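Trainee: I have the model open on the screen. Can we go through a few spots in it together?

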Amino acid sequence: MSGKHASRPDPSWEIIGRKGQWQVLPIQPYSDADQRTWPPKPYRPSSEERHLITLAKAWSEKMGIQRTGLNYYLDHLPRGYAVFEIDQNGKTGVTYKRLFGHWSGKYYDSILRFQPHFLWLMSGRQGICECILCGSYKAEPIKRRIRIHSENQLLVPRENQLESESSSRSTSIAGRATGSFSNRPQRHIKAAGAPYAQDAEGTEDVFKDQLRRLEASKGGTTGIEDDVREPNSIDWRAEHSWTTQNVQDWAGIDHVQRSLTLIEHQHAFVPRVGELVLFCPIFLHEHYLMLDEKTQEYKFYSFTQKCFHGFPTWRGGVITAVPSAIATDGPIDFPDIQDLPSKQNNLNTGGFRVETFPDPNDEEDKTMSKQYRYLPLRNIRPLSHWQMLLRGTPRNQWHPSIEHALTCMTSISLLEKWYFKGDWPYATIRCKGIYIGPELITVGDAVRIAPREKGKGCTDVLVVESIRLHLDDIKAEHVAPDSPLLSTRSYITLVGKGYTIDQSRHHQLKPEDASSQSGGAEAVSQDEIKTVFRPVGSALYGPWYRLHEAHQRYEISHDQILGRLCEGAAVQLWTGLLQHKSAKSKTSGIKPSLDYDLKGIEDGRVYSTQVDERLGEVDVGSVLWYWADTRAEALDIQTINGLEVGKYDTTRDKDTLELWRTHLKILNGQQLSLDPIASRYTSNFPDFEVNESKRGRPTGSKVINGKLYRPGDPGYEDAIAGAIPEPQTTPIKRKGSQLAGAALVSTDEEDEERETSVTEAEYWYDAADAPAVVQTIEEVERPVLKQKKQKTKAQIMARAVEDEEISDDEDWYRHIPLARGGTEETEGGDYDPRADAD
């Protein structure tokens, strides 16, 4: 308990002192706890180890004493505070840990909620505590793991129902659409040209703008319809190709649509990016994963030795990359499920990249993501198969990542919101995909519908034509830019064509004819099955019947979906119906089941609701869903393919986001001052003063008789006054080139070599050799220059030897300046002859 000092690691601790270097951090003697608030039985004392580690880390960071490679832990909790635990109702094996001792008599249900109060105590109780129990709690713009409780929260349960309990505490448009809002009017002041509303990062909130337009059309007869475009979002622009009159020649790449097109042309059993799976890092050579019919366990089987060789070592993982060498290796097909077909490329381009899934409840340690493998399809199975594949493996031998993956079985996030349609006070946002638990569902997929009654099997499917986020009961306060909500209620539905293999559920049968086998139900034709159903071999499940008229559509909520309808042959391979060639004739007539993994999905969702700390406490057997903006937020992962994502991305600071917005304004053709951009890169550089003289003649200079007179030079005053006569040349009819005349002016070096006095000057060529245009007129004799005698090659080489003595064969080129010639010898196009000597 808190009264017991923990200066030395306790033998019962599982983290402190086990790995790495640890140092105890004594706390200050401040506390406001009251031990009388401790709970009675059935509460029991619990381990304080994680509290001591997390609080010590936060306090060391605040004091600035944290060092790399050194882990801190508190010697004990503040006096009067203690951690207790209690079992959940029912024999579920789940316990709740709570920190008691606060003077209010209430408890902290997480370490992060007690952290502000602890730091306030360690500061000597200075100022006002802003923890959730002291009454001065201030909610952050984006606060994770805090659920908004409201009586109006709901999600859609079954078809034809519009209300159910919502469990989202996210800031997504789905999660923030429910909850309470203050009716107090607000005054909004924004700069000219600024967006109507912004999110937490300062990016324009296009959905708020759509609500504003919807409110303006209130009372009309048509409402509004518009595509969802976010040209002022750097993320949206990076993954979409879109051009308007305001965006000139913008060559964006529609990465999202490329991914959706790839999914559309591949089998349903192929894993997709962002999905949670089970994977086997090590697969025995020349073995196959098969079902032991005696024990109903999945093991390695060798056809050579004709025996089973143990269980695979399964892990939970997330798909971060799919095969990119489809053009040469061909698409993933049925043989890849159990075998290794011949491929031309290695697994880094022809396989799936699977990263071990870290704990979504642990915000500090995400190092499991660094453990990844490039694997073929035979090493991977859907997460919904966990009960089948782990049958026979003791729970204590499971890899921790399996339970981590099951924790996210009730997480949902929408993909590619592309269309907005509304009629006040109701609106819908259509999407192209949705992550439901471990799987990605896209438009065009066939999904299995959960049974209507508990204990029954799955018989119905839905071919998805539309995925919709509904915003219901929109009010005026929801349109305000600072409102975190979009509507009073929100829910997700999937719309499409419904089919069933249960003849009694045919839409033409009346209730009294449901039990009769002689009903007039007509099965769907094989041609329609091949056209409507994307999975190949859907007819293997049996004859299909319509659940509605052909012109109608079937609508269900997201919590009714079990998962994708995979190809019938793939299910037969997974369940062991086709694993023996000799039994192929016997099993060919056995139909694959629609609910082969039904129990695993249902138990996984119940387990997720109990252990996911982002969800509230519920009764045993209940299912709650965690809504998130993105898949990275839903899985709470730090890196994908080695790149930081979501809130863990350190690049997305305030300055970088502002710079990106400036770049987008330039791409959009908006006029803006570049001074802020220039100052961002030049403000830290000193001003350089150029001390060199400027090129060209100084102001006031004059050239007389080929001599340049500068201001201040001897004889300059006489030259200005006209005392030094200028020679007159024979007039010519055509005008001379000023550029050529400027080239004849002597330079400074030539002036130094030449004698300063005209009378003492030595003329280097005779008048007879001079050009005709420079002949003298009257008594004025023009001074002419005497040409230098040309030297021979031997004289030039001899002079060079005198000036510089060559010591060896390599020194003669060491001082040659680099010449930029655009060659390929060195990087950047600079040819360096010294590189040849290495």
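Trainee: Which residues is phenylalanine 533 in contact with, leaving aside its neighbours within four places in sequence?
Mentor: Phenylalanine 533 is in contact with Ala446, Val461, Val463, Tyr499, Glu528, Ser538, Trp544 and Leu565. Contact means heavy atoms within 4.5 Å. Keep in mind that this is a predicted model, where local features need pLDDT of at least 70, side-chain atom pairs count only at pLDDT 80 or more, and totals for chains, interfaces and linings use all residues. Residues are numbered from 1 along each chain as its sequence is written, and side-chain values use heavy atoms, with hydrogens and water left out.

Trainee: Which residues have the most contacts inside the largest nonpolar core?
Mentor: Phe269, Phe533 and Trp544, in a core of 61 residues. A nonpolar core is a set of buried Ala, Val, Leu, Ile, Met, Phe, Trp, Tyr and Cys residues joined through side-chain atoms within 4.5 Å. Buried means under 20% relative accessible area, exposed over 50%, and partly exposed in between, with a 1.4 Å probe and protein chains only.

Trainee: And which domains does this core draw on?
Mentor: At least three residues come from each of domain 3 (269-408 + 566-579 + 590-643) and domain 4 (418-510 + 521-564). The domain bounds come from an automatic or database domain assignment. Another core lies apart from this one; it has 34 residues, among them Ile449, Leu471, Ile556 and Ile561.

Trainee: Switching to strands. What is the order in the open sheet of three?
Mentor: The order is β8-β9-β10, with antiparallel pairing. The edge strands are β8 and β10 (307-308), each pairing on one side only. Helices (H or I, at least four residues) and strands (E, at least two) are DSSP runs, numbered from the N terminus. Two strands pair if DSSP finds at least two bridges between them.

Trainee: How many bridges are there between β8 and β9?
Mentor: Five, with β9 covering residues 297-302. Two bridges join β9 to β10, where phenylalanine 308 is the bridge partner of tyrosine 301.

Trainee: Why is β8 described as largely enclosed by the rest of the structure?
Mentor: Because four of the five residues of β8 (residues 288-292) are buried.

Trainee: What sits between β8 and β9?
Mentor: The two strands form a hairpin with four residues between them. Glutamine 296 lies in that loop, and its phi is near 60°, a positive value in a residue other than glycine. Its relative accessible area is 37%, so glutamine 296 is partly exposed.

Trainee: Where else is there a positive phi in a residue other than glycine?
Mentor: Aspartate 636 has one, near 55°. That residue is in the loop between α16 (631-635) and β25 (639-640). Aspartate 636 counts as buried, at 3% relative accessibility.

Trainee: Now helices. What span should α2 have?
Mentor: Its twelve residues (111-122) should span 16 Å at 1.5 Å a residue, and the end C-alpha atoms are 16 Å apart, which agrees. The expected span is 1.5 Å times one less than the number of residues.

Trainee: Which of its residues are buried?
Mentor: In α2 they are Ile111, Phe114, His117, Phe118, Leu119, Trp120, Leu121 and Met122. What covers them includes α1 (49-63), β3 (70-74) and β5 (95-100). Glycine 124 follows α2 and has a positive phi, near 85°.

Trainee: How many aromatic pairs does the count come to?
Mentor: 20. Rings of Phe, Tyr and Trp (its six-membered ring) pair if their centres lie within 6.5 Å; planes under 30 degrees apart count as stacked, over 60 as edge-to-face and the rest as tilted. Tyrosine 108 and phenylalanine 114 form an edge-to-face pair, 5.1 Å centre to centre with 70° between the planes. Phenylalanine 114 counts as buried, at 0% relative accessibility.
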